[in-house]
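Colleague: I would like to learn how to read a few features off a model. Please take them one at a time.

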Amino acid sequence: MEKVFSKTAGLTDIPFHYCPGCTHGIIHRLIGEVMEELDIIDKTIGVAPVGCAGFSLDFFSCDFVGAAHGRAQAVGTGIKRALPDRLVFTYQGDGDIAAIGTAHAIHVAARGEKITSIMVNNAVFGMTGGQMAPTTITGQVTTTSPYGRDDSLVGAPIDLPKTIASLSGAVYVAAVSVDSPKNIIQAKKALKRAFQVQQLGLGFAFVSILSSCPTNWGLSPVDSLKWLQEKMLPVYEMGELKVPEEVKAL
């Protein structure tokens with residue numbers, strides 16, 4: 001019988017223990033496949049902070065370092081400067097990178113640090129109980145916005161990729177989703193290009209990925225994907241916001 005699919009060597013044999021319907025697992029698989037296809041598993045160092053993203057330390061076959069909340073990009077910068085021949089990526093939730101880690105996100109991009117950052121955007125602080133995040137959409141009910149997000153009080157949701165794309169040191173910026181097979185294929189393409197940017201030493205690469213959070217949204221896995229499609233996709237601009245010519249040519 002012909003084998004048409006197998007687990008990527010970029011992931012360990014430890015079973016995922018994310019909540020049912022959470023799409024962290026899909027994103028992990030895509031990153032693992034990209035590392036395997038580019039033959040960079042042994043050359044890559046990942047950095048993860050606390051929260052759901054912190055579990056990723058167990059699941060990737062490459063070296064991994066833990067960081068304090070919001071500080072993954074600072075740690076990643078240090079690793080890359082000390083070991084410039086390695087490929088370094090940070091794997092962070094939206095509450096981590098767009099809230100406590102905002103200053104790092106802005107200045108890493110402004111400096112053009114030659115690392116790759118991946119933001120998993122599920123519009124809430126996931127592990128700590130589903131509190132409102134900078135990415136929570138207008139009217140969204142969370143544990144700290146029980147009447148829905150009120151923009152007149154807390155401002156509008158932050159579309160971080162747009163901000164990052166405005167900085168000259170950020171050479172590749174993409175916003176993708178993993179809610180459908182078509183979008184999963186696009187997400188993998190974006191992740192691959194983000195690592196290729198780093199291989200070429202061009203500057204900072206940033207990929208934002210819309211993800212579901214059934215537990216904190218209070219929805220089933222299926223309804224979570226529908227909610228993402230109906231509520232989040234219209235808010236966040238999708239696609240490649242910035243692509244260097246060197247990568248387009250690959």
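Modeller: Two terms come first: buried means under 20% relative accessible area, exposed over 50%, and partly exposed in between, with a 1.4 Å probe and protein chains only. Helices (H or I, at least four residues) and strands (E, at least two) are DSSP runs, numbered from the N terminus. This is a predicted model, where local features need pLDDT of at least 70, side-chain atom pairs count only at pLDDT 80 or more, and totals for chains, interfaces and linings use all residues. Residues are numbered from 1 along each chain as its sequence is written, and side-chain values use heavy atoms, with hydrogens and water left out.

Colleague: Which residues of α7 are buried?

Modeller: An α-helix has 3.6 residues a turn, so residues three or four places apart point the same way. In α7 the buried residues are I184, A187, K188, A190, L191, R193, A194, F195, Q196, V197 and Q198. The helix covers residues 181-199 and spans 27 Å between its first and last C-alpha, close to the expected 27 Å; the expected span is 1.5 Å times one less than the number of residues. After α7 comes G201, with a positive phi near 65 degrees.

Colleague: Which strands does α7 lie across?

Modeller: Contact means heavy atoms within 4.5 Å. α7 lies across β1, β3, β4, β7, β8 and β9, and runs at about 165 degrees to β7. Axes are lines fitted to C-alpha atoms, for helices over the stretch in contact, and angles run from 0 to 180 degrees between N-to-C directions.

Colleague: What is the order of the strands in the sheet?

Modeller: Two strands pair if DSSP finds at least two bridges between them. The open sheet has seven strands in the order β2-β1-β3-β4-β8-β7-β9, with mixed pairing. β2 and β9 are the edge strands, each pairing on one side only.

Colleague: Are the faces of β3 covered or open?

Modeller: In a regular strand the side chains alternate between the two faces of the sheet. Both faces of β3 are covered, with L87, F89, Y91 and G93 buried on one side and V88, T90 and Q92 on the other. β3 runs parallel to β1, with four bridges, and parallel to β4, with five. F89 stands opposite G46 and has T116 as its bridge partner in β4.

Colleague: How many disulfides are there?

Modeller: A disulfide is a covalent bond between the sulfur atoms of two cysteines. The search, which takes sulfur pairs within 2.5 Å, finds zero in the whole structure. For C52, the nearest cysteine sulfur is that of C22, 6.4 Å away. C52 is partly exposed at 24% relative accessible area.
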